[in-house]
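Trainee: Could we go through this structure together and check the labels one by one? I would like to see how each value leads to its word.

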Amino acid sequence: MSEIKLEPLPFKEAIDFFKGKVTLTPKEFSELEEECKAKAFTISGIAKLDILNDVMRELQKVLDEGITFKEWRDNTNKMLEQKGWKGLSPYRADNIFRTNIQTAYNVGAYKRMTNPDVIDRRPYWMYDAVNDNRTRPTHMALNRKVFPAGHSFWDTWYPPNGYR
């Protein structure tokens, strides 16, 4: 029997979404109209564009190469420390990673799911809560609820619809 080797597959739609982001300082980001914020990349408390660009480049590697959270955090902290910055705390690293990677994946999934050929065959979507000890009661109550793909429910509840 031959050995099965699992390798990460690139998620083109997520990669494309993240590559299309523009790095902005937190001040610039706060001045944007809400609909423009999805195209921007910033990190609260980091105002230097070169550092923001470096962190964004490290996040792009996650999508392009499939590196793990630990590899990303180690690479990012090493890069920050080489530039004279203190590395990211575990909580902050987790928050930055989850927010950006999950948003990219969710945008990519939305693009795939709204493809006319896909929506033709899968016109209903099911809400699937994480169901761990951090799941909010409102999210748990919606778990496994099914709505048509074009239903207004998804305007509010399509992920990401809450962080952490």
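Mentor: Happy to. Let's start with a cut-off: a residue is buried under 20% relative accessible area, exposed over 50%, and partly exposed in between. Keep in mind that this is a predicted model.

Trainee: What makes the pair of Glu 31 and Lys 27 a polar contact?

Mentor: The two side chains come to 2.7 Å, and the cut-off for such N or O pairs is within 3.5 Å. Lys 27 belongs to helix α2. With a relative accessible area of 58% against a limit of 50%, Lys 27 is therefore exposed as well.

Trainee: Why is Lys 37 called buried?

Mentor: Its relative accessible area is 18%, and buried means under 20%, so Lys 37 is buried. Not counting residues up to four places away in sequence, Lys 37 touches Lys 21, Phe 29, Ser 30 and Leu 32.

Trainee: Let's turn to the helices. What describes the packing of α4 and α5?

Mentor: Two packed helices are described by the angle between their axes and the distance between the axes. Here helix α4 (residues 69-82) and helix α5 (residues 90-113) make an angle of about 120°, and their axes are 11 Å apart. The crossing of α4 past α5 is right-handed.

Trainee: Which residues meet where α4 and α5 pack?

Mentor: From α4 come Phe 69, Trp 72 and Arg 73, and from α5 come Ala 93, Asp 94, Ile 96 and Phe 97. By class, that contact has five nonpolar, no polar and two charged residues.

Trainee: How do you know that the span of α5 is close to the expected one?

Mentor: α5 has 24 residues and reaches 33 Å from its first C-alpha to its last, close to the 34 Å expected at 1.5 Å a residue. The buried residues of α5, among them Asn 100, Ile 101 and Thr 103, pack against α1 (12-19), β2, α3 (49-65) and α4.

Trainee: What makes the backbone at Asn 131 and Arg 144 worth a look?

Mentor: Most residues other than glycine have a negative phi, and most peptide bonds are trans. Asn 131 has a positive phi, near 65°, and the phi of Arg 144 is positive too, near 70°.

Trainee: Why is Asn 131 called partly exposed, then?

Mentor: At 37% relative accessible area, Asn 131 falls between 20% and 50%, so it is partly exposed. Arg 144, at 57%, is over 50% and therefore exposed.

Trainee: Where is there a cis peptide bond?

Mentor: Between Pro 159 and Pro 160, with omega about 0°. Pro 160 lies in the segment after α8 (153-157).

Conventions: Residues numbered from 1 in each chain as written. Predicted model: local features only at pLDDT ≥ 70, side-chain atom pairs only at ≥ 80, totals over all residues. Heavy atoms only, no water. Axes fitted to C-alpha atoms, helices over the stretch in contact; angles between N-to-C directions. Helix = DSSP H or I, 4+ residues; strand = E, 2+ residues; numbered from the N terminus. Left-handed = near helix turned anticlockwise from the far one by under 90°. Contact = heavy atoms within 4.5 Å. Nonpolar A, V, L, I, M, F, W, Y, C, P; charged D, E, K, R; others polar. Polar contact = N/O pair within 3.5 Å; in protein donor to acceptor, adjacent residues only side chain to side chain. Expected span 1.5 Å × (residues − 1). Buried < 20%, exposed > 50% of the residue type's maximum accessible area, 1.4 Å probe, protein only.
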